[in-house]
Amino acid sequence: MGRVLLIGGAGFIGAHLASELSGRGEDVVVLDDDRTWSTDADGAAARAREWRRRMLLGDVELRHGAAEHAAAVLAAVEPEVVVHLANLPLVGVASRDPALARAAIVGTTAAVLAGVERHAPDARLTYVSSSMVYGDFAGDPQPETAPLVPREPYGAGKLEAERLVRASRTRWTIVRPSAVYGPGDGHGRFATRLVDAAVHGRPLRLTADPDTRLDFTAVTDVARGLADAALSPAAEHGTFNLAAGRARSLRDAIDAVRALGGDVEVELAAAPGPHPRRGTLDITRARETFGFAPRFALEDGLAAHLDVARSLAPA
């Protein structure tokens, strides 16, 4: 295999993917501008970013730059594999500023596609989408063939970007992760806020029903699945759910952290709006196409997340 270019590869999922690919002996180049989309009043995002650089990105070539200007790097690197992860990572940010969301998701994807078509037309391109493209889940488990009716700007942007990918002249693959969690997340997703509350002894503010079910997926499982999808010829022109394949409730996650010694107080707050109805994703297609087999139950993944968070906590 030739060089692998990860656009947005210094972020949460991207850094784990870079580590996975370099561990397999791949020649990995990361293009990232190190933007953070989260508030960082206590330095948590900065600590997560530094941990990713130290623990996950030591064996890869890092190039600083925005994905919108990836063409020059594509021309210089001449990759055989490209993974596009450089999209707005947070549903909440997209809901507050839909115009920003569309520019960061759809506009960035259009620029990446144009660059790949011009400078790396024979490269395999994998686009990291989201299970939010489904909106309310119609089934449990939810297959890739289910209706795509996103209910908020983030999912709508991801769906529009997917359509651009399919209409492109690239050798594309699309993956749809779900509720990804684990060490190195600096974006304040639910599992990270839960772990941080346990480590720092502060309340967890919860704006969703504790019985809300998500297919929580350990980031290491997503990284392995992404690597397999990006490198597998059988995955070309396919769309794949990448998840644990078992939905768990927010309450399950809270109870798991408490069982691991995290004394978490939960503060229920009024929800800002209705959340899409979600659940288990059907991962049969990924398993049969490139052998995707998640290894981490929620309890095990949260234990690993807690261990790292405790090691990073200020003394």
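Which residues are linked with Arg3 in a network of salt bridges? Arg3, Asp27, Glu61 and Arg63 are the members of this network. The structure is a predicted model, in which local features need pLDDT of at least 70, side-chain atom pairs count only at pLDDT 80 or more, and totals for chains, interfaces and linings use all residues. Residues are numbered from 1 along each chain as its sequence is written, and side-chain values use heavy atoms, with hydrogens and water left out.

**Salt bridges in general**
- Side chains of opposite charge can pair when their charged atoms come close.
- The structure holds 18 salt bridges (a side-chain nitrogen of Lys or Arg within 4 Å of a carboxyl oxygen of Asp or Glu).

**A pair within one helix**
- Glu162 and Arg166 form a salt bridge with an N to O distance of 3.1 Å.
- These two residues stand four apart in helix α6, so about one helical turn separates Glu162 from Arg166 (helices, H or I of at least four residues, and strands, E of at least two, are DSSP runs numbered from the N terminus).
- Glu162 is buried at 0% relative accessible area, whereas Arg166 is partly exposed at 31% (buried is under 20%, exposed over 50%, partly exposed in between, with a 1.4 Å probe and protein chains only).

- Glu117 and Arg169 meet in a salt bridge of 3.5 Å, N to O.
- Glu117 belongs to helix α5 (residues 98-119) and Arg169 to the loop between α6 (153-167) and β6 (171-177), 52 residues apart.
- Glu117 is partly exposed at 23%, while Arg169 is exposed at 67%.
- Arg171 pairs with Glu236 in a salt bridge, their closest N and O atoms being 3.1 Å apart.
- Arg171 lies in strand β6 and Glu236 in the loop between α8 (219-231) and β11 (239-242), so this bridge ties together parts 65 residues apart in sequence.
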